[in-house]
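Here is a short report on one protein chain. It takes up confidence, then a helix pair, then a pocket.

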Amino acid sequence: MGCGKSVVGVLVAQRAGAPFYDLDMIIESEAGISISEYFATRGEAAFRRLESRLLPTVLVPGAVAALGGGAPLDDENWRLITERAVTVFLECAFETIWTRTRGTTGRPLATGRSYDELRALHEERLPLYRRAVHVVSSDAPADQVAAEIARLWSG
C-alpha cells in the first residue's frame with residue numbers, strides 16, 4: 001500500500017497501449033461499497049475470499065494489473081498470478097509508504113496502526129513480495145517507474 005501500484009499501472013498501460021485493471025476497483029464495483037466499508041462490515045477474511053474470486057478477472061493476457069498488497073500473500077493466488085502474469089514488485093522505502101498513507105482513509109490495514117505496527121506489517125510481507133520476477137524501486141517519480149517497467153515488459 002502506498003507504493004504507487006495504481007498510478008504506475010495506469011502509466012505502464014498507457015505506454016504499452018494495454019488495458020489496465022485495478023483489482024481493488026473491481027472489488028469495490030462488485031461489492032457496491034468501498035474496501036474500507038467492506039472490511040468494517042464483513043471483515044478481512046470475507047474480503048480476501050472476494051479478492052481471490054475476482055483475481056482471475058484482472059489477469060488477462062496483454063493487460064496491466066494492479067493487485068492489492070494482500071492478494072499475492074495467499075499461495076493459491078500467487079500460483080495463479082505467476083502462471084498468468086509477469087510479476088513486478090514496486091519496492092518502496094517504508095518512510096515513503098508512511099508519508100503517503102498516514103492519515104488517509106480507504107486503507108483499512110493502515111487505519112489505526114502506529115508507525116511501528118505498519119512497519120512490522122511491511123517487513124513481514126517483504127519476503128513474499130520479493131518473489132516477483134522483477135523488483136523496481138517506486139521511490140522515483142511515477143513516470144520514471146513506469147518507463148522502467150515498460151522497458152522490462154517489452155524487453
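## Confidence

This is a predicted model. Across the chain, pLDDT averages 88. A score of at least 70 is reached by 92% of the residues.

Strand S1 (residues 20-22) has the highest value, at 96. Helix H6 (residues 94-101) has the lowest, at a mean of 79. Where pLDDT is low, the predicted coordinates should not be read in detail.

## Helices H2 and H3

Helix H2 covers residues 23-31, and helix H3 covers residues 35-42. Their axes come within 9 Å. They cross at roughly 60°, which makes H2 oblique to H3.

H2 brings Asp24, Ile27, Glu28 and Ala31 to the contact. H3 brings Ile35, Tyr38 and Arg42. Of these contact residues, four are nonpolar and three are charged, with no polar ones.

## The largest pocket

The largest pocket has a volume of about 930 Å³. Its lining is made of 42 residues. Ala65, Leu67, Thr87, Val88 and Phe89 are the ones nearest the pocket's centre. By class, the lining has 31 nonpolar, seven polar and four charged residues.

Which elements give two or more residues to this lining? Among the helices, they are H1 (5-16), H5 (75-84), H7 (115-129) and H8 (142-154). H7 gives the most, with five residues.

Key:
Residues are numbered from 1 along each chain as its sequence is written. This is a predicted model: local features need pLDDT of at least 70, side-chain atom pairs count only at pLDDT 80 or more; totals for chains, interfaces and linings use all residues. Side-chain values use heavy atoms; hydrogens and water are left out. Axes are lines fitted to C-alpha atoms, for helices over the stretch in contact, and angles run from 0 to 180 degrees between N-to-C directions. Helices (H or I, at least four residues) and strands (E, at least two) are DSSP runs, numbered from the N terminus. Angles under 35 degrees count as roughly parallel, over 145 as roughly antiparallel, 65 to 115 as roughly perpendicular and the rest as oblique. Contact means heavy atoms within 4.5 Å. Ala, Val, Leu, Ile, Met, Phe, Trp, Tyr, Cys and Pro count as nonpolar, Asp, Glu, Lys and Arg as charged, and the others, Gly among them, as polar. On a 1 Å grid over the protein atoms alone, a cavity is a set of points where a 1.4 Å probe fits but cannot get out, and a pocket is an open set with protein on both sides within 12 Å along at least five of seven lines; lining residues have an atom within 4 Å of a point. Grid points are joined across faces, edges and corners, and a volume is the space filled by probe spheres set on the points. pLDDT is the predictor's confidence in each residue, from 0 to 100.
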